[in-house]
Amino acid sequence: METRKGPPSDVASIIGQLRRPKRMVVTAGMPYANGPLHLGHLAGAQLPADIYARWCRMLIGAENVLYVCGTDEHGSTSEIAAVQAGLPIREYIDRIQQAQKKTLERYCISLDAFTGTSQPETFPLQRELAHEFLTRFSENGLLEKRATRQWFDPKMGRFLPDRYVRGRCPNPQCDNEDAYSDECDRCGQQHAPAALLDPRSTLSDAVPELRETVHWWLDMWSVSETLRAWISGKEKTWRRAMLSEVLETVMPSVRLDRAHEATYKEIKASLPKHKSKLARGKELVVQFGNKADLESGRAILEQHGVRVELVDEWAHRSITRDITWGIPITEDPDLAGKTLYVWPDSLIAPISFSKVALRDKGVDPARYAEFWRDPEARVVQFLGQDNVYFYVLMQGAMWLGTQADPHRLPAAGELQLTDVFGCFHLLVGGEKMSKSRGNFFTGDQLLDEKGYSVDQIRYYLALLSLAEKPSDFDFEKLDERNKFLAGPMNAAFERPISAVHSKFGGKVPEGALLDKVVADTVRIVQRYVRAMDRADYPNLLFEIENYARTINSLFTQYKPHDDRHPEQGRRDALYTSFYVLKTLMIMLYPFVPETMDRLRASLRLPPEVFRLEELGTPIPAGHEIGAKQPYFPAPSREGETR
């Protein structure tokens, strides 16, 4: 018998062919413990992660999914904010953490654990994990001790992080008297701390001094070839802008002064395969495919009198700080009194958060390994595009640095490298959010002051194309979308329920599924599972909206609410409408869970209906349907909702 080849022709086959990890961890960029959650946190990290976590639960079952996050509580950011608030740091952080947790709960962000790096349930786990990492880095030769000069406050008797020192911007075209010691947030210039003019300590207003201090630096260059191989393997699955950024960074490169450009052009044909590009005005960067070609090309260039410099600044980063608020470094007496830098601290935090989540579920925290160390499991992280370097390159190097052999990809039982979804900035009024410009909104403000419902905001934020470019939060477009939800979308929910009660005794009638609708359902489910796996939401939602219009079309053509029309056609149309409605409900659940839960209650279906196997399965004839409920609210005359 010949086996039929081609795309699946039914929903069950589509679902059956899906590749399913054994377990999944979903996490999002951690908010700093220095203020409330704003729209950018929700749009670029927490909401897309929540949608994805709900999809994962539908895919492999809630018991196999951990969605974890927490407040990024260590480091100078929290210290400064607490000082400015006039509160002890512990009290300040706990207030912020609880406020952020409440906001996430209001937005139905379905975390299994929202904790924080310094919280009592997490800190012992985090400290133990950090020291395990540092020990493994040392054993694998990934730590280097370096002495550098750093600002010191003689009045306070302590070293100062860059953000603790302010002064006049060294850019002659800028008049900012309150620039940071490493960059100016007015003109955008980055500069060496020593270049800052008239520096002063933000702690004591004393004139700080540059003094030598010793820190550990992480050597990512030694594992860069493994990082390159890993990232290159993601070309078909990671978002283009993010992939391009990290791949461009990790490619072995040298720079040379453009004064040597003529010589380079003469000998370029003799160099191993490479690309070249202009950088920083007067420099030329030559990029090779691997380190062996880099060394060969470097030797040829130098033989011809071309002085080159290795492009490896990205690969050497300090991972300790002269700050008291953090995980103390105990491994080396030269680093007494220092703490772990907030970035490596936050990169390993989701592992500790996973242990907390498991313990909260009554499960042995040691089972975190089933989620993080199994090649058949998957870890997915959502974050802002400006943090991609840390979550891909630094975290990748750290994970490799814990292995028995850091110069290969992870084996079973070792920390598995993660998948990353980067999002661009959310703009308001075409600009980055700023309190001084009056375009800064917290998540709570939209609910408390603007009067929107949670699902209206969730739906609109999911439509923004942050995966591809910076996108604008526009209140007019939000209200326009809310009119659609309150109009055609609500009609798709309400019309079958009204008709079944008015004409069919409140029970789904006997009927046959209409072939065209079944074919349309197969297509939308194919699109749905592909888009959800890639966290590609905007285009998908517009396609789901078109699918929802199927119900209104069925009512226009067959009029199941009007018994003057042929009964069999009306029965088939209403039976098919409930088939579409159930499919819609399941597909929209990750985006607007509260509204879909109300629809589920109206359809008198159990909570277990929110799983992929229920897609494309009709509500059986004779099933009793409940009453309509309020679904999406109608916009008020002011453009707000009641």
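Here is a walk through some sheets, a cavity and a glycine in this predicted model.

Since the model is predicted, local features need pLDDT of at least 70 and side-chain atom pairs count only at pLDDT 80 or more, while totals for chains, interfaces and linings use all residues.

Let's begin with an open sheet of three strands, ordered β7-β6-β8 with antiparallel pairing. The edges belong to β7 (179-180) and β8 (197-201), each with a single partner strand, so one side of each has no neighbour in the sheet. Strands here are DSSP runs of E with at least two residues, helices are runs of H or I with at least four, and both are numbered from the N terminus. Two strands pair if DSSP finds at least two bridges between them. Strand β6 (residues 165-168) and β7 are joined in the antiparallel sense by two bridges, and Arg166 sits opposite Tyr180 in β7.

Next up is strand β10 (residues 253-257). Four of its five residues are buried, so the rest of the structure largely encloses it; buried means under 20% relative accessible area, exposed over 50%, and partly exposed in between, with a 1.4 Å probe and protein chains only. β10 runs antiparallel to strand β12 (residues 283-288), with five bridges joining them, and Leu256 faces Leu284 in β12. Three bridges also link β10 to strand β13 (residues 308-310), again antiparallel, with Arg255 opposite Glu309 in β13.

Searching the whole structure turns up one cavity of 30 Å³ or more. A cavity is a set of points on a 1 Å grid over the protein atoms alone where a 1.4 Å probe fits but cannot get out, and lining residues have an atom within 4 Å of a point. Grid points are joined across faces, edges and corners, and the volume is the space filled by probe spheres set on the points. The largest cavity holds about 40 Å³. Its lining includes Phe133, Phe137, Ile319 and Met398. Two or more lining residues come from each of α5 (123-139) and α10 (342-360), and α5 gives the most, with four.

Finally, look at Gly297 in helix α9 (residues 291-303). With 0% relative accessibility, Gly297 counts as buried. Leaving out residues up to four places away in sequence, Gly297 touches Leu271, Pro272 and Phe288, where contact means heavy atoms within 4.5 Å.

Key: Residues are numbered from 1 along each chain as its sequence is written. Side-chain values use heavy atoms; hydrogens and water are left out. On a 1 Å grid over the protein atoms alone, a cavity is a set of points where a 1.4 Å probe fits but cannot get out, and a pocket is an open set with protein on both sides within 12 Å along at least five of seven lines; lining residues have an atom within 4 Å of a point.
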